[in-house]
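This report describes how the elements of one protein chain are arranged. It begins with helix packing, goes on to the sheet, and ends with the chain as a whole.

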Amino acid sequence: MSFTKTTEQASNFNHLEKMTVTELLTNINSEDKTIPLAVEKVIPSIEKIVIAIVERMKNGGRLFYIGAGTSGRLGILDASECPPTFGVSHNLVIGIIAGGDTAIRKAVEFAEDSITQSWEDLKTFNINSNDTVIGIAASGTTPYVISGLQKCNENNILTGCITCNEGSPLSNAAKHPIEVIVGPEFVTGSSRMKAGTAQKLVLNMISTSVMIQLGKVKGNKMVDMQLTNNKLVDRGTKMIMDELKVSEEKALELLLKYKNVRTVINNYSNENG
C-alpha cells in the first residue's frame, strides 16, 4: 500500500542548529499554532466515536488505548488521569503500550513490530464486544497497533484510531479513524512534537466528553474527583461552598465526612430538603 507520510516529510525550517534560542522557540510555537486547526477539521469523526463509546460504556463496556512509544505513553497518560479526575474505576479506561510497563520510561527494541502481542495484551483484560479499542500511532503504520485493531474487528469489538497521516493502514483497519493532518515536524520526523500534541488534544476531547456524557461532571465541576492531596481537598471544599452556600468550615466538615463532593451535595440536599 502506498501513501504519503506527511509526518516524515522535511521540516518547513532548515539549519536549526544556526538559530538563536528565541528563533527556535518562536518557530516551534508557530508550528504548534496550526495543531488546533487540524483537530477542528476532524471534530465530526471524534463525535462519532465518542457517541459509540458512551453507548457501550452504559452497557458495561470499557475503553482501551493501544500504542507504541510516544503514542502509547499518551494513551496511558490519558487513561491514568480518568480515575482521579472523574472518580471512575482504573478498569474503565485502560492504556496499553507495546513492550509493557518498561516501555513507559525506556524504549523496548522492536516491541512495536510484533503482529501478535497486542491481541495477547488485550486478552489479559478479558476484552469483549462491549469494549472499544482506539489505536494510537502518528505514522499509521505501527504493526503492534494495526494488528490489534484487526483482531478486534474479527471479534466484533469496536475500533477507532488517532493518526496524523491520511489513508494509512491503521486508518483502514479502524472502524472510526481520526486523521489529524498536522504536516511535517519542526525537527523532521520527530512525531513527539506536533503529532504528539495533536494526539493529546484528541485524547483530552474523547475522555472528557465521554465522562461528561456519563454524568461525571456537575455544572462545570469535577464532583466525582478523588481527594488524593490537599489541593484537591481545598478544591472540593470550594465546590461545596459554591454549590450549597455554606461556610468554608462547614464545607470542609462535610467533605471529610462523606469523602466525595457529589455525595456531600446529595446527602446535604436530602438532609435539608
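## Helices α4 and α9

In this predicted model, α4 and α9 are roughly parallel to each other, because their axes cross at roughly 30 degrees, and an angle under 35 degrees is counted in that class. The axes of α4, which spans residues 69–86, and of α9, which spans residues 194–213, come within 10 Å, and the crossing in which α4 passes α9 is right-handed.

On the α4 side, the contact is made by S71, L74, G75, L77, D78, E81, C82 and F86, which meet G196, Q199, K200, L203, N204, S207, T208 and M211 on the α9 side. Sorted by class, the residues of this contact comprise six nonpolar, seven polar and three charged.

## Helices α3 and α9

Helix α9 also packs with α3, and here the two axes come within 9 Å and cross at roughly 40 degrees. The pair α3 and α9 is therefore described as oblique, and α3 passes α9 in a right-handed crossing.

The α3 residues I43, I46, I49, V50, I53, V54 and M57 meet V202, M205, I206, S209, V210 and Q213 of α9. Eleven of the residues in this contact are nonpolar and two are polar, while no charged residue takes part.

## The sheet

Five strands are arranged in an open sheet, in the order β2-β1-β3-β4-β5, with parallel pairing. The edge positions are held by β2 (93–97) and β5 (176–179), each of which has a single partner strand, so that one side of each is left without a neighbour in the sheet. From one strand to the next, the twist averages 15 degrees.

Within this sheet, strand β3, residues 132–136, runs parallel to strand β4, residues 158–163, and five bridges join the two.

Helix α3, made of residues 43–57, lies across β1 (63–67), β2, β3, β4 and β5, and runs at about 140 degrees to β5.

## Residue A52

Is A52 buried or exposed? With a relative accessible area of 9%, A52 is buried, because the cut-off for that class is under 20%.

When neighbours within four places in sequence are left aside, A52 is in contact with L158 and H176. By contrast, N230 lies 178 residues from A52 along the chain, and the C-alpha atoms of the two are separated by 36 Å.

## The chain as a whole

The protein chain has twelve helices and five strands in its secondary structure, and its C-alpha atoms fill a box of roughly 65 × 50 × 35 Å along the principal axes. Of its 273 residues, 44% count as buried. Among the contacts in the chain with a separation of 6 or more, 69% are accounted for by residues 24 or more positions apart.

Definitions and conventions: Residues are numbered from 1 along each chain as its sequence is written. This is a predicted model: local features need pLDDT of at least 70, side-chain atom pairs count only at pLDDT 80 or more; totals for chains, interfaces and linings use all residues. Side-chain values use heavy atoms; hydrogens and water are left out. Axes are lines fitted to C-alpha atoms, for helices over the stretch in contact, and angles run from 0 to 180 degrees between N-to-C directions. Helices (H or I, at least four residues) and strands (E, at least two) are DSSP runs, numbered from the N terminus. Angles under 35 degrees count as roughly parallel, over 145 as roughly antiparallel, 65 to 115 as roughly perpendicular and the rest as oblique. A crossing is left-handed if the near helix is turned anticlockwise from the far one by less than a right angle, and right-handed if clockwise. Contact means heavy atoms within 4.5 Å. Ala, Val, Leu, Ile, Met, Phe, Trp, Tyr, Cys and Pro count as nonpolar, Asp, Glu, Lys and Arg as charged, and the others, Gly among them, as polar. Two strands pair if DSSP finds at least two bridges between them. Buried means under 20% relative accessible area, exposed over 50%, partly exposed in between (1.4 Å probe, protein chains only).
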